[in-house]
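Let's take a friendly walk through a protein model. Keep the picture in view as you read.

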Amino acid sequence: MRITYIHHSCYAVECEEALLVFDYWQDPNNLLHNMISECQKQVYFLVSHFHDDHYNPEILELDARRIVSYDAKKRRRIPDEKATAVMRMDEVYEDELIRVTALKSTDVGVCYLVEADGERLFHAGDYNNWYFERGDEHLKVSAREMEGLFMATLRKAKSAAGEIDHLMFPIDPRLEEHTLRGIRQWLKAIPSHHLYPMHTWQQDITPYLDELQQEYNIKIHWQK
Ligand SMILES: [Zn+2]
């Protein structure tokens, strides 16, 4: 399994017979387009929610299976025939290559737990412990309520997967001193072997990653 960082929250996961693309928004180095044109495998686009930074309507034009959240289906007006599966929380999609479980995000839409080639992947979408001291203005919840929502999905992920091989998770410096709060809570509860940071807004996150590396036995995949 080869996992390539594309941009922002987009990772491309090359499996034996499938190419999984999570939350494709932009492809500044044409990496994704090259991969798609060179690879003979079944392409999947997975969309966690409708936000601009997680979606590109180009996915409707490419030859692929599309697994989209219910809000993306509606807000992005994705035609029925273009959606292979429309996911709400706790729903499962399964075909001959992958099995996908949708869990509730702490923002809009869902996060995805995926089993492929016997490995377990988790892509958070906008799921994180958005622990803003004054509460989250956009979500209209207090920091404590946010933490409760975050832990509820965490428990579900733990009972559904036990361990995660490949974890794609936000390291978002806008949270300042709470940037690592969510990922620490996750790693304490769910053994995860490889971490792929995302949603970094092009900030230098290496000091955060160094801290994490000292605390947890996890392989972090990140290039500046
Ligand atoms: Zn986002």
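## A first stop at Glu94

Let's begin with one residue. Glu94 sits in strand β7, which covers residues 92-94. Strands here are DSSP runs of E with at least two residues, helices are DSSP runs of H or I with at least four, and both are numbered from the N terminus.

Is Glu94 buried or exposed? Glu94 has 11 C-beta neighbours inside 10 Å, so it counts as exposed. The cut-offs work like this: a residue is buried if 20 or more other C-beta atoms lie within 10 Å of its own, exposed if 12 or fewer, and partly exposed in between, with C-beta atoms placed from the backbone. Glu94 and Trp25 are 69 residues apart along the chain, and their C-alpha atoms are separated by 25 Å.

## How to read this model

This is a predicted model, in which local features need pLDDT of at least 70 and side-chain atom pairs count only at pLDDT 80 or more, while totals for chains, interfaces and linings use all residues. Residue numbers start from 1 along each chain, following the sequence as it is written.

## The whole chain

Along the principal axes, the C-alpha atoms fill a box of roughly 45 × 35 × 35 Å.

Of the 224 residues, 38% are buried. Among contacts in the chain with a separation of 6 or more, 52% join residues 24 or more positions apart. Two residues are in contact if their C-beta atoms, placed from the backbone, lie within 7 Å.

## Two helices side by side

Two packed helices are described by the angle between their axes and the distance between the axes. Helix α3 (residues 143-161) and helix α4 (residues 181-189) have axes that come within 10 Å and cross at roughly 30°. The axes are lines fitted to C-alpha atoms, for helices over the stretch in contact, and angles run from 0 to 180 degrees between N-to-C directions. The two helices, α3 and α4, are therefore roughly parallel to each other. Angles under 35 degrees count as roughly parallel, over 145 as roughly antiparallel, 65 to 115 as roughly perpendicular and the rest as oblique.

Which residues make the contact? From α3 come Phe150, Leu154 and Lys158, and from α4 come Gly182, Gln185, Trp186 and Ala189. These residues divide into 4 nonpolar, 2 polar and 1 charged. Here Ala, Val, Leu, Ile, Met, Phe, Trp, Tyr, Cys and Pro count as nonpolar, Asp, Glu, Lys and Arg as charged, and the others, Gly among them, as polar.

## A buried strand residue

Ile164 belongs to strand β11 (residues 164-170). With 23 C-beta neighbours inside 10 Å, Ile164 counts as buried. If we set aside neighbours within four places in sequence, Ile164 is in contact with Arg120, Phe122, Ile190 and Ser192.

## Loops and the end segment

His8 lies in the loop between β1 (2-7) and β2 (10-14), and its phi is near 55°, a positive value in a residue other than glycine. Arg77, in the loop between α2 (70-75) and β6 (85-87), has a positive phi of about 50° although it is not a glycine. His8 has 18 C-beta neighbours inside 10 Å and counts as partly exposed, whereas Arg77 has 10 and counts as exposed.

Finally, find His221 in the segment after β13 (219-220). His221 is partly exposed, with 16 other C-beta atoms within 10 Å. Leaving aside neighbours within four places in sequence, His221 is in contact with Ile3, His194, Leu195 and Tyr196.
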